[in-house]
Structure formats: structure tokens, C-alpha cells
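Visitor: I would like to learn how to read the features of a structure one at a time. Please begin with the terms and then show me the case at hand.

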Amino acid sequence: MISLKACLTFSAVLFGVGLFGALTRRHAVIVLISIEVMLNAANLNFIAFWRFNPHPEAMAGPLFVIFNIAIAAAEAAVGLALVIAVYRSLRSVNLEKVDSLKG
Amino acid sequence: MTVAFYILAGLCVAGALCAMVVRNLVYAVFSMIFFFFSLAGIYVLLLAEFVAAAQVLVYVGGVGILVLFAIMLTRDVTGEGKRHMASKGAWLGGLVAVAVPLALFIPAVWRTPLPESPANAAVRATPVEIGMALMGGGVPALWLVSVLLTAALIGAVVIATQDPPGPGEGEGPAR
């Protein structure tokens, strides 16, 4: 049987992979992909805790995950619109070039 | 079932790692889509089938296609990739990204006494139950998410379709 420890460890590893991509790459779209990976790791955590624990509120896990999926999709849409807008004025998606506010 | 879990978990981590590391951007997006599919398989193993279906519909069908469109619109796909891909402080970022799960999450998980078998395998998240929960106590959350989605999508359209002002068209329709 799957154990809760295995699920949570796997979710922690996924979060670390997403964090690695977000902190390492300088391409804006790859950073957005990394954020989606991190959000999916959190969703997996929710579902794992919902499945493995006795609880009176039976639908809290999937409900939270559905709202999280919706919010992640909206955030991806806004983030990609920002990438397109930045590309239009800077002609680059390199995050190191987006520094016009730098003092 | 444990074997299936480990296979799917390995596929998930492999897909996510390839999406972070690969030089070609379209391959990275395809790897991310593969990761979403594998994670939906794990949701099915954890007996959350509706969430697995929602994951495939929204993430693969929505977010994946959206990222592909954004790549096609910012068409510098492999131009910058001729040099290195990593940002300036990438070694520090990689260190933090490896240290945070290893030092924080995984010890916290391994030291807590956790239940071994699913306690309530009889509770199934069928669409009927989710619908009752949403329309019952979850109505304010449903309103807020719908307002947020509307605002986010309208805002995304506004941000993405603004034209930068040209040199001779500052006045616009007054001409």
C-alpha cells in the first residue's frame, strides 16, 4: 500500500525540483513552468492528507485542490500575458534584462 | 499498487526535471505536459478521480496550451540558448532548492508518526458530492473564484494586447 510518508516525500521532492527551476533559469516562461510544478506539489500534499486522515469534513481536500487549480490557471494566464507585454517592449524574455527599476 | 505509485512518481520527477533543464523550450513544455499527466495518474491512485480529471482538463488542456501559445508569440526560442541558460546567481539558487526540501520538509515528514494505511478509503469524491459541497457551504468561495477568474482573464487580455505607442501616433483618433 502507498504510505503517507511516501506521498509527502514525493511532494517535497517535486517542490524542490520546481524551486530549482524557478531560482536557476533566466527564461521567464521556464520560471512560470516551475511555479506550476510547485503548485502541483502543494495540490498533491492536499490530496494525500485528505486520503490518509479521518475527518468530519469529507470534501475539503478535493474542493481546495479544485480552487487551487483554478487559481493556478488564472495566475499562469496573467503571468504569460506579462511575458508577452515585456517581450513586446524589450524584445527579450531574459529575466536578467528586466531591470529598468534597478537603482 | 506500490509499484504503480513508484513508477508514476519517477515519471513525474523525471518530467519536472526535464522541464527545468532542457535547452529547447518546446521540449520543456511537452515535458511539463507529461508531468501533468503522470500527476493525474497519481491522483487516480489516491482515489481522487474527479481531481485527476480536473487536472487533465485544466492543466494539460488549458495551461499547457497557453504556455505553448506564449512561446509561439515570444519567438526567441533557441536564440538566447546559445550561451548558458542559468541566471547569474544560479549556483546559490540550486543550493537553496536542494537544501530546502532536504533540511526542512523531508526530516519533518520522516520524524512525524504518520498513519500507514488509508483511514477512510470509503469516502469517494464523486462529482455529486463535490457539487453538493460547492453549492452547500462552498458558495462564497465559488463566487470569489469566479470573480478572480474573470478579473484575471480580462486583465490578461488587456495586458497582452496593449500596443506600445509609435513615434508619430501619440494623438490617436484626433487625427
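Guide: Helices (H or I, at least four residues) and strands (E, at least two) are DSSP runs, numbered from the N terminus. With that in place, A:S11 lies in helix α1 of chain A. This is a predicted model, in which local features need pLDDT of at least 70 and side-chain atom pairs count only at pLDDT 80 or more, while totals for chains, interfaces and linings use all residues. Residues are numbered from 1 along each chain as its sequence is written, chains are lettered from A and ligands numbered from 1 in the order in which they are written, and side-chain values use heavy atoms, with hydrogens and water left out.

Visitor: Is A:S11 buried or exposed?

Guide: Buried means under 20% relative accessible area, exposed over 50%, and partly exposed in between (1.4 Å probe, protein chains only). A:S11 has a relative accessible area of 2%, so A:S11 is buried.

Visitor: Which residues does A:S11 touch?

Guide: Contact means heavy atoms within 4.5 Å. Leaving aside residues up to four places away in sequence, A:S11 touches A:A41, A:L44 and A:N45.

Visitor: How many helices and strands are there in chain A?

Guide: Chain A has 3 helices and 0 strands, and its elements run α-α-α from the N terminus on. Of the contacts in chain A with a separation of 6 or more, 60% are between residues 24 or more positions apart. Buried residues make up 60% of the 103 residues in chain A.

Visitor: What radius of gyration does chain A have?

Guide: The radius of gyration is taken over C-alpha atoms, and the globule rule is 2.2 Å times the number of residues to the power 0.38. For chain A the value is 17 Å, whereas a compact globule of 103 residues would have one near 13 Å. Along the principal axes, the C-alpha atoms of chain A fill a box of roughly 55 × 25 × 25 Å.

Visitor: How is the size of an interface given?

Guide: It is often given as the accessible area lost when the parts come together. Here buried area is the accessible area (1.4 Å probe) that two parts lose on being put together, summed over both. Between chain A and chain B the area buried is about 7,100 Å², and carbon and sulfur atoms give 77% of it. Three residues, A:I2, A:R26 and A:R51, supply 10% of the area that chain A buries against chain B, more than any other three residues. The contact takes 73 residues from chain A and 88 residues from chain B.

Visitor: How many residue pairs are in polar contact between chain A and chain B?

Guide: A polar contact is a pair of N or O atoms within 3.5 Å; within protein, one must be able to donate a hydrogen and the other to accept it, and residues adjacent in sequence count only if both atoms are side-chain atoms. Between chain A and chain B the count is 7 residue pairs, both at pLDDT 80 or more. On the side of chain A that touches chain B, α1 (4-24), α2 (28-52) and α3 (60-90) of chain A each supply at least two residues. The most comes from α3(A), with 22 residues.

Visitor: By class, which residues does the side of chain A that touches chain B have?

Guide: Ala, Val, Leu, Ile, Met, Phe, Trp, Tyr, Cys and Pro count as nonpolar, Asp, Glu, Lys and Arg as charged, and the others, Gly among them, as polar. That side of chain A has 50 nonpolar, 14 polar and 9 charged residues.

Visitor: Where is A:R26, and where is A:E96?

Guide: A:R26 forms a salt bridge with A:E96, the closest N and O atoms being 3.8 Å apart. A:R26 is in the loop between α1 and α2 of chain A and A:E96 in the segment after α3 of chain A, so the pair links distant parts of the chain, 70 residues apart.

Guide: B:E49 lies in helix α3 of chain B and B:R124 in the loop between α4 (90-111) and α5 (127-136) of chain B, so the pair ties together parts that are 75 residues apart in sequence.

Terms used
Salt bridge = Lys/Arg side-chain N within 4 Å of Asp/Glu carboxyl O.
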